[in-house]
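Here is a short briefing on one protein model.

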Amino acid sequence: MATKLSIAKKVFMQEKDLILNSSSFHKFFSENEDWLKPYAAFCFLRDFFETSDHSQWGCFSNYSKDKLEKLVSKDALHYDTICFHYYIQFHLHLQLSEAAEYARAKGVVLKGDLPIGVDRNSVDTWVYPTLFRMNTSTGAPPDYFAKNGQNWGFPTYNWEEMSKDNYGWWRARLTQMGKYFTAYRIDHILGFFRIWELPDHAMTGLIGKFRPSIPLSQEELEREGIWDFDRLTRPYVRKEFLQVGESHLLVSHEEY
């Protein structure tokens, strides 16, 4: 990747004026600037601060359109760096479009992959922090394949906030993919209906809960023959368990 980027930067410096002034680039830019400008700014700040964790970016940690316009301004000393990220995305668009058109012409359907989550340290969470529950993590509950469950690391969605603009972020994401793909594979589709949500400090998937989840009333449980609620809902630690724990602590202490 480092070698490819190094070569790409050299090519960019040779042809940047030709490409950036072309009508095809202007068309691409005008159709995509809503995401392209924040993405280029994100890439610049990520490399400048040497981390994608935008909470470590000082005054740039909190995104605003005013800050964005200053970052991507043509008068900025780093404007060439911003344009390089435009340039890379433009060529990726051209190459994927060409491949998709060729496939369609040959009667081949391309199916794109759409992962349900986004990285915690991504341009999406930087620009739209209210759309994500940043104090949570997504995963899967314990099962036959993973006794401790799974913690995938990315935040869950704030569906209530997303609904306020009729899910504009999702519609934009799907529309963008629709430019190249005829079908989507959504991984994982169940996450649109309910997700295993963990606190952000969790290491495994053990201490999560489904969100949203439908509660069961005491009456419903009793109808199913479940009645010993104290036994099922309160800690139940026998004395011998505590004694075993104490002996382990003594051994560990002596060994230490």
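The protein chain has 10 helices and 8 strands. Both are DSSP runs, numbered from the N terminus: helices are H or I with at least four residues, strands are E with at least two. This is a predicted model, where local features need pLDDT of at least 70, side-chain atom pairs count only at pLDDT 80 or more, and totals for chains, interfaces and linings use all residues. Residues are numbered from 1 along each chain as its sequence is written, and side-chain values use heavy atoms, leaving out hydrogens and water.

**Overall shape**
- The radius of gyration of the protein chain is 25 Å, while a compact globule of 256 residues would have one near 18 Å. The radius is taken over C-alpha atoms, and the globule rule is 2.2 Å times the number of residues to the power 0.38.
- The C-alpha trace spans about 80 × 50 × 35 Å along its principal axes.
- Take contacts between residues at least 6 apart in sequence: 64% of them join residues at least 24 apart. Contact means heavy atoms within 4.5 Å.

**Surface and charge**
- Of the 256 residues, 30% count as buried. Buried means under 20% relative accessible area, exposed over 50%, and partly exposed in between (1.4 Å probe, protein chains only).
- The protein chain exposes about 17,700 Å², and carbon and sulfur atoms supply 57% of that area. Areas come from the Shrake-Rupley method with a 1.4 Å probe; for residues, only the protein chains shown count as cover.
- There are 30 positive and 34 negative side chains, and the centres of the two sets lie 4 Å apart. Lys and Arg count as positive, Asp and Glu as negative; His and the chain ends are not counted. Each charge is placed at NZ of Lys, CZ of Arg, CG of Asp or CD of Glu.

**Cysteines**
- A search of the whole structure finds 0 disulfides. A disulfide is a pair of cysteine sulfur atoms within 2.5 Å.
- The closest cysteine sulfur to that of C43 is in C83, 13 Å away, so the two are too far apart for a bond.
- C43 is buried at 1% relative accessibility, and C83 is buried at 2%.

**Two buried residues**
- Q89 lies in helix 4 (residues 79-105). Its relative accessible area is 16%, so Q89 counts as buried.
- Beyond residues up to four places away in sequence, Q89 touches F28, W35, L36 and Y39.
- M162 is in helix 6 (residues 159-162) and is buried at 1% relative accessibility.
- M162 and F132 are 30 residues apart in sequence, and 8.9 Å apart in space, C-alpha to C-alpha.
- Leaving aside neighbours within four places in sequence, M162 has contacts including L131, Y157 and W170.
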